[in-house]
Amino acid sequence: MRTINKYRFFSIFQYDQEEEFLNEMSRKGYELVDISFIKYKFKETKDKDYVYKLDYIGNLKEDELEEYKQLFADNGWEYLLTLYEYAYFRKKSMVKEVDIFSDRESKLNMLHNILIKRALLMIPFIVLMIYINIFYDTETSSSFFEAIKAFITSVGSIYVLTFIFLAYNYFRIKNKIDKGLI
Amino acid sequence: MEKNIERIYIPMTETAFYILYSLQEPMHGYNIVQLVLKMTAGQIDIAPGTMYGTLSKMEKDGLIELVKKEDKRKIYKITDLGKKLLEIEIKRIERLYKNSRGEIYENY
């Protein structure tokens with residue numbers, strides 16, 4: 001069977017769009033084989049009825065992961081892989097509505113976990129950047145310090161833009177959950 | 001401490017109620033799913049992500065405890081604290097039920 005590669009980038013708060021992408025590929029007759037960073041490898045298949053779902057699992061210990069995978073397997077979900085603390089599952093289903101979560105609380109809980117464990121890691125750096133810019137803005141600073149400041153500021157700008165991008169997607173997903181769209 | 005737990009869990013989500021209710025007998029996650037499907041004529045189908053998250057949280061909060069492991073499946077059962085919360089929740093549901101039928105609830 002033919003394999004193809006697709007290149008896509010999804011941030012931590014775009015798992016709904018990533019699922020949609022995988023489901024779309026499935027409908028076109030391609031099943032997910034592997035992912036490495038932004039490269040999604042697919043294989044041609046006759047089975048077009050898979051629903052793909054992502055779950056944020058954080059750092060599960062090995063025995064916890066085994067229990068976790070077993071529970072999903074018992075419920076008919078095939079475990080595919082884990083990448084950047086997201087577990088990928090799929091299930092054969094004629095209806096699109098099957099889900100790995102069955103209530104609003106657990107959907108919000110996953111979103112909350114990503115926020116706490118991933119997105120907030122950015123905050124210390126942003127604080128450091130602001131601190132350096134505001135409190136060390138004097139004529140006495142050395143050229144070495146100026147160079148560090150310039151570096152931190154430029155890296156910091158990228159961070160701030162990323163942060164805004166993530167915040168936007170966080171509220172986009174939260175809104176979808178609140179409106180019962182996912 | 002227990003008062004805080006009560007504030008977190010009461011009123012319970014339907015998922016939490018059925019899981020805690022089921023664990024009056026020791027069983028693992030998928031047993032619970034099947035039992036609840038049977039009890040509710042298929043109306044409540046607890047998905048695995050929801051099940052795993054709720055079991056972990058309940059274990060952490062001391063409502064349920066690990067009894068043993070069977071292969072890779074963990075068997076849980078309710079604790080005394082869990083029983084207490086379940087009882088409070090059942091009383092609450094009884095009140096709701098009585099009131100929904102237009103009756104006055106009397107607390108004995």
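**Exercise 1. Charges in chain B**
Task: How many positive and negative side chains does chain B have, and how far apart do the centres of the two sets lie?

Solution. Keep in mind that this is a predicted model. Step one: count the side chains. Chain B carries 18 positive and 16 negative ones.

**Exercise 2. The fold of chain B**
Task: Which pattern of helices and strands does chain B follow along the sequence?

Solution. Start with the inventory: chain B has 5 helices and 2 strands. Then read along the sequence. The pattern is α-α-α-α-β-β-α. Now look at contacts between residues at least 6 apart in sequence. In chain B, 53% of these join residues at least 24 apart.

**Exercise 3. Extent and surface of chain B**
Task: What percentage of the residues in chain B is buried?

Solution. Begin with the extent. The C-alpha trace of chain B spans about 50 × 35 × 20 Å along its principal axes. Next, take the surface. The accessible surface of chain B is about 6,600 Å², and carbon and sulfur atoms account for 50% of it. Last, apply the cut-off: buried means under 20% relative accessible area. Of the 108 residues in chain B, 41% are buried.

**Exercise 4. A patch on chain A**
Task: Which residues make the nonpolar surface patch of about 460 Å²?

Solution. The patch is made by A:Phe9, A:Phe37, A:Tyr84 and A:Phe165. Pick one of them, A:Phe165. This residue lies in helix α5 of chain A, residues 143–178. Patch residues need over 30% relative accessible area. A:Phe165 has 36%, so it is partly exposed.

Technical notes: Residues are numbered from 1 along each chain as its sequence is written. Chains are lettered from A and ligands numbered from 1 in the order in which they are written. This is a predicted model: local features need pLDDT of at least 70, side-chain atom pairs count only at pLDDT 80 or more; totals for chains, interfaces and linings use all residues. Side-chain values use heavy atoms; hydrogens and water are left out. Patches are made of residues with over 30% relative accessible area and no salt bridge: like charges are joined within 9 Å, nonpolar side chains (Val, Leu, Ile, Met, Phe, Trp, Tyr) within 5 Å. Accessible areas come from the Shrake-Rupley method with a 1.4 Å probe; for residues, only the protein chains shown count as cover. A salt bridge is a side-chain nitrogen of Lys or Arg within 4 Å of a carboxyl oxygen of Asp or Glu. Helices (H or I, at least four residues) and strands (E, at least two) are DSSP runs, numbered from the N terminus. Buried means under 20% relative accessible area, exposed over 50%, partly exposed in between (1.4 Å probe, protein chains only). Contact means heavy atoms within 4.5 Å. Lys and Arg count as positive and Asp and Glu as negative; His and the chain ends are not counted. The place of a charge is taken as NZ of Lys, CZ of Arg, CG of Asp or CD of Glu.
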